[in-house]
Amino acid sequence: MDGDASGVEGDNCDWNSEDEREIDDFSLSSSSSLTPPNEETVTGSGEASSSAGSSNSKLFDKFIGMGFTEKMVAKAIQENGEENTDSILNTLLTYSTLETSPQEQQHIDSDNYSLDCDGSFLDGFSDGSWSDNEEITNTVFDEDDKLSSLMSMGYTRDEASIAMERCGLNASLVELTDFICAAQISKVEDAYLPVEEKPRPKLPCIDSAKLKKRKQYDYEMWKRKKQALLDDDETIRLPNPMIGFGVPNESHPTIHRTLPEAAIGPPYFYYENVALAPKGVWTTISRFLYDVEPEFVDSKYFCAAARKRGYVHNLPIQNRFPLLPLPPHTIHEALPLTRKWWPSWDERTKLNCLQTCIGSAKLTERIRKALEDYDGEPPLRVQKYVLDECRKWNLVWVGRNKVAPLEPDEVEMLLGFPRNHTRGGGISRTDRYKSLGNSFQVDTVAYHLSVLKGMFPGGINLLSLFSGIGGAEVALHRIGIPLKNVVSVEISEVNRNIVRSWWEQTNQKGNLIDLADVQQLNGDRLEQLMNSFGGFDLVVGGSPCNNLAGSNRHHRDGLEGKESALFYDYFRILDLVKNWSNVS
DNA sequence: TACAACATGACAAAGTCG
DNA sequence: CGACTTTGTCATGTTGTA
């Protein structure tokens, strides 16, 4: 149903009706309570975030500048208080000894390192460097120390604390790391459930082959993280113009690339995230994804809005073709009704990145008031103010002196989704903006995936991680690649509903299996799925960018951030799929 | 220096349910 | 009506690149 997306021909093409009717109060069916209460609650009441309160960011930065990790610094400040610089430093130094010794040993012998680590951590404990902190009891230390040791080994705070909770306070680091491995890699599904409900996954239950595989995996994980850290200096630079390995209608030399051996499929994979991530993030991502060089593309070469993204994939790059009909490339083409009101001094032809939030009504009012006093020719000062705000919030002209944020329908269209893709079914307006702001630009992704057309005449088996509102599915469908089996993992129920309903509306013949949580997708489950339909041909995913995106003022913690660390799940799952494909 | 950026959290308003 | 949940509004700071 490509017609859906072209939209333009529609008889009631009414994003922007002539009269200035207020935004349709399409009475969002008052049945939003239909959704079951076992919601995903992305921001679960999880642990207090590990980053130190920003109150004293100077101090924070100072220690970061000395080469300590953010988490360490945050923890040290938390423990010692902000004033006590000396004891903070002391704590940090102890942490870093804890961190480096096990890491180095890991490379020698991944079985013994934790024993040694256990020892060194006890040493550090008794060497008196802690004596300043009298009020802290031994047990607290013990716990904190293990926690930080585990975290410095690359485990998340959650993993570490769950392991400590489950194994008891007296558990050695060996036991703890083994527990985490068991939970993480052997995909013991019930590992995270309360002890009473499920039998504790005792190590003896796990056969040695699996254990070995786990250690191997763990070691790989470490090697890559460490390597990525070493590579930090040579940060990947963003290309200008940001056209990746080529975009339609843009003359550029033919590019050939040679993929690293390890990256060559099957399966094909396609990973996406924001281009403007903090330093070192893309180096790490690329390192994990088999050293494939990211392709940075701005979707402004595909549609009327910018969207700077990095894509790491092992797809061929010759003979790509764009989706037809070509989407509008300028604001005027995309939103013809704004033309009438567009002042000559607003020279924008493309919108900025479509984000999850929109400009406030107050702001548009301030702008109207600022313009009212002048007859269409405001002084430069006012012009600049208005333009800055318009650019910042992607406002468009909808009346005399009147700007407004984009409607969800318009965002949908700009991103290449069929009209009403995210509309209805109990989805709120803000949820639409949020889901859309987090999604792919369909034309861009489709251009990259177009090379698969013809390769899978019988249909494709797709594993879609962090699928959101189904950008990849929509892209493949519009390219004309039949979807045979689609396993779609998406935490938000709202989004899963959107994909499910699109699936039904487009009369898909294949199977759609949707899961809520990547962490549930363990090896056993995956193997079972792959055995049932013969593996995946393509693994697509754009892991959360919350902690990477510039718009995040609060927790731009990088790849190790709470949500963005889910990238490692993408890697984990992709690696499992690859191994399965290689064996079969 | 300017500019842009798949956001978050506090709070208020509106809706839901008994 | 009142407690509760959901949705909407708004202001907010930092980082990297050009």
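In the predicted model, helix α13 is followed by N394, whose phi is positive, near 55°. The helix that ends there spans residues 380-393, and its 14 residues reach 20 Å from the first C-alpha to the last, close to the 20 Å expected at 1.5 Å a residue. Its buried residues are V386, C390 and W393; viewed down the helix axis these fall within an arc of 85°, so they line one face of α13. The face turned away from that buried side carries the exposed residues L380, R381, K384, D388 and K392. Among the elements that cover the buried residues of α13 are α12 (361-372) and β5 (402-404).

Chain A as a whole contains 20 helices and 9 strands, and buried residues account for 40% of its 584 residues. Of the contacts between residues at least 6 apart in sequence, 70% join residues at least 24 apart.

An open sheet of 7 strands is arranged in the order β2-β3-β1-β9-β6-β7-β8, and its pairing is mixed. The edge strands, each of which pairs on one side only, are β2 (295-298) and β8 (511-515), and the twist from one strand to the next averages 20°. In general, the strands of a sheet pair through backbone hydrogen bonds, in either a parallel or an antiparallel sense. Within the present sheet, strand β1 (residues 268-274) and strand β3 (residues 308-313) are paired in the antiparallel sense over 5 bridges, with V274 standing opposite R309 in β3.

The buried set comprises G471, A472, E473, V474, A475, L476, H477, R478 and I479, and just after α17 the residue G480 takes a positive phi of about 100°. Helix α18 (residues 493-505) contains I498, which is buried because 27 other C-beta atoms lie within 10 Å, against a threshold of 20 or more. When neighbours within four places in sequence are left aside, I498 is in contact with H421, T422, S435, I469 and G470. For G470, the separation from I498 is 28 residues in sequence and 8.0 Å in space, C-alpha to C-alpha.

Several backbone features of the loops were also considered. Most residues other than glycine have a negative phi, and most peptide bonds are trans. The loop between α9 (208-230) and β1 holds P241, and the peptide bond from N240 to P241 is cis, with omega near 0°. P267 is likewise found in the loop between α9 and β1, where the peptide bond from P266 to P267 is cis with omega near 0°.

Positive phi values outside glycine were found at loop asparagines. N319, which lies in the loop between β3 and α11 (331-334), has a positive phi of about 60° although it is not a glycine; N319 is exposed, having 9 other C-beta atoms within 10 Å. For N401, placed in the loop between β4 (396-399) and β5, phi is also positive, near 60°, in a residue other than glycine. With 19 C-beta neighbours inside 10 Å, N401 counts as partly exposed.

Key:
Residues are numbered from 1 along each chain as its sequence is written. Chains are lettered from A and ligands numbered from 1 in the order in which they are written. This is a predicted model: local features need pLDDT of at least 70, side-chain atom pairs count only at pLDDT 80 or more; totals for chains, interfaces and linings use all residues. Helices (H or I, at least four residues) and strands (E, at least two) are DSSP runs, numbered from the N terminus. A residue is buried if 20 or more other C-beta atoms lie within 10 Å of its own, exposed if 12 or fewer, and partly exposed in between; C-beta atoms are placed from the backbone. Two residues are in contact if their C-beta atoms, placed from the backbone, lie within 7 Å. The expected span of a helix is 1.5 Å times one less than its number of residues. The arc is that of the directions from the helix axis to the C-beta atoms. Two strands pair if DSSP finds at least two bridges between them. Axes are lines fitted to C-alpha atoms, for helices over the stretch in contact, and angles run from 0 to 180 degrees between N-to-C directions.
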